[in-house]
Amino acid sequence: MAEITEAAFRDEVVSFLDANATPRDLEQKFVWGEGSDAVALFDETSREVEQKQLAEAKRWRALRYDAGLGWLSGPEQYGGRELPASYERLYNGLEARYVTPNTSFFSIGLGMVAPTIHAHGTDATKDRYLKGMYRGDVVGCQLFSEPGAGSDLASLQARAVRDGDEWLITGQKVWTSGAQYSDIGEIICRTDPDLPKHKGLTGFLVDMNAPGVEVRPLRQMTGGATFNEVFYNDVRVPDDHRLGDVNQGWTVALTTLMNERASIGAGGIGGGLASMARLVEMLRHFGLADDPVLRQELADLHIRFTVARYSNQRALDKIRSGQLPGPELSTAKLALTQNMTALSDYVSRVLGPRIIADTGEWGTWSWSKFVLGTPGMRIAGGSDEVMRNIVAERVLGLPKDPGIDSKTPFSELKVGTQTS
Ligand SMILES: Cc1cc2nc3c(=O)[nH]c(=O)nc-3n(C[C@H](O)[C@H](O)[C@H](O)COP(=O)(O)OP(=O)(O)OC[C@H]3O[C@@H](n4cnc5c(N)ncnc54)[C@H](O)[C@@H]3O)c2cc1C
C-alpha cells in the first residue's frame, strides 16, 4: 500500500465525510432542557428500531470500507491500509465532527472477535470473515459465559465433540450481548474433560443461524433486553472454523478477553456522558453551583475521567501498533467502572428523589438508566474484583488466587451441574 502523509490522509477523510455525512454544529453550547436527555449506558430500543439502526450502521461501515477507510491499520490482504495507529485516531477525531449512524453493533465483533480471528483463525476463516466484518456485513458476538462459568470461565461445560471434519457443539451460553442480531459467534467449548480445566478447551467460530442454535432474550433491570441465553443442540461446525489448536482454547480466550478489557476501558462509555457542561448545567439548574462540596467533587470527577482517557489512549496505541495487550490493561477497565460508579453516586446525590420517579422533568429521571446500567459495567468483561486479582497477580506480582486448580482433570472437579 502506498504511503500517505497525515495531511493527505486528512484531506481524503474530510472529502469522504463531506460527501457522505452532515457536519455537527461544534459551536452549539449545551443548554439545559434542550435536545435529548438520554444518558443510558445500553442501547435499548424495540427490535424494529434496532433493525433499522443496524441497517444504517451497516450502510455506514460499507461506505467507509468501500472508500478504503474500513480497517486503517489492518493488512492489505483483508482490505486494510496498513497505516500506523495514529491514522485511526486521526480518522476517529475527524468522524466525531460529523453526525454518523450508531455503530455500537460492531464493537464486540471488531473489538474482540476479529482480532482473535486475526491472531488464531485458519486462512479459511480469515478469508471468509475478516473483510465482511470490517465492511459491516458480518456482525460478531462473544459466546463465553455460562450459568456456571463467568469469572471462572475455565469451568465452562459446553461440549464440542469431533465428528470427522466437523465438530458437534452442545451446551448453553448466557449473557451473550447482541446475539439477537449477530451472524457469527466466537465460542469456547470443552473438548477434553480429562485434562485440567484450563487445558481441555478449544475455540471455534459458529454460524449463529446454523440449525440447533436458539437465542432467547434476557431482560435487564434497566428495562431493556440487550443480552441473551444461547442454546446449542448438536450444532455442526467445520474443523476449519476452529480458532487455534485443539485444547488450546484458553490462549484464544485470553486474546479475546484482553482485547475486551482494553476496548471496554478505552471506549467512550460513561466518559462522554460525564460531559462537564451537562453536569455543570445540572448544578446551576438546581441552584447548587455554589455548593463547595459538590464543586470539589465535580472537579475530582473531571480529573478522574481525563486521567483515564489519556492512559487508555496510550494502551490503545500499543494494541493498534500490533503489540499484544498486556495484563496491566485491566486497570483501564477498572478505572472506567470506578469512575462510572463515582459519577452515578454524584448524580444520584444531586438529583435525589427525581431519579426514582418519572415526573417528566427533563434531564432527571433519564439518569436512572445510567445509574441502573452501571453495575452491569462493573461485571461485564471481568468484574471489578477479578480485575483487582489480575492486577495484584500479574502487575504487582502478589501470590496467585489459591482457588485455581491447574492439575486435577476437569471431569474430577465438582463444578456446578457438570455432566461430563
Ligand atoms: C452487560 C453485560 C454484558 C455481557 N456480555 C457478555 C457477552 O457478550 N458474552 C459473554 O460471554 N459474557 C457476557 N457477559 C457475562 C460476563 O462476562 C460475566 O457476567 C462475568 O464474567 C461475571 O461472571 P458471573 O456473572 O458468572 O458472576 P460470578 O463469576 O459468579 O461472580 C459473582 C461475584 O463473585 C465475585 N468473584 C468471582 N470470582 C472471584 C474471585 N476469584 N475473587 C474475588 N471475587 C470473585 C465477582 O466479582 C462477583 O461479584 C456480560 C455481562 C454483563 C453484565
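Is Asp239 buried or exposed at 15% relative accessibility? Asp239 counts as buried, where buried means under 20% relative accessible area, exposed means over 50%, and partly exposed lies in between, with a 1.4 Å probe and protein chains only. The views below come from a predicted model, in which local features need pLDDT of at least 70 and side-chain atom pairs count only at pLDDT 80 or more, while totals for chains, interfaces and linings use all residues. Residues are numbered from 1 along each chain as its sequence is written, and side-chain values use heavy atoms, with hydrogens and water left out.

**View 1. The salt bridge of Arg242 with Asp239.** The closest N and O atoms of Arg242 and Asp239 are 2.8 Å apart, a salt bridge being a side-chain nitrogen of Lys or Arg within 4 Å of a carboxyl oxygen of Asp or Glu. Arg242 is buried, with a relative accessible area of 16%. A search of the whole structure finds 19 salt bridges.

**View 2. The salt bridge of Glu297 with Arg349.** The closest N and O atoms of this pair are 2.9 Å apart. The pair links distant parts of the chain, with Glu297 in helix α8 (residues 292-320) and Arg349 in helix α9 (residues 330-351), 52 residues apart; helices are DSSP runs (H or I, at least four residues), numbered from the N terminus. Glu297 is partly exposed, with a relative accessible area of 26%.

**View 3. The salt bridge of Glu50 with Arg47.** Both residues lie in helix α2, three residues apart, which is about one turn of the helix, and their closest N and O atoms are 3.6 Å apart. Glu50 is buried, with a relative accessible area of 5%, whereas Arg47 is partly exposed, with a relative accessible area of 32%.

**View 4. The packing of helix α1 and helix α2.** Helix α1 (residues 6-20) and helix α2 (residues 47-66) pack at an angle of about 145°, with their axes 11 Å apart; axes are lines fitted to C-alpha atoms, for helices over the stretch in contact, and angles run from 0 to 180 degrees between N-to-C directions. Phe16, Leu17 and Asn20 in α1 meet Trp60, Leu63 and Arg64 in α2, contact meaning heavy atoms within 4.5 Å.

**View 5. A network of salt bridges.** In this view, Asp66, Arg135 and Asp137 are linked to one another in a network of salt bridges.

Key
Helix = DSSP H or I, 4+ residues; strand = E, 2+ residues; numbered from the N terminus.
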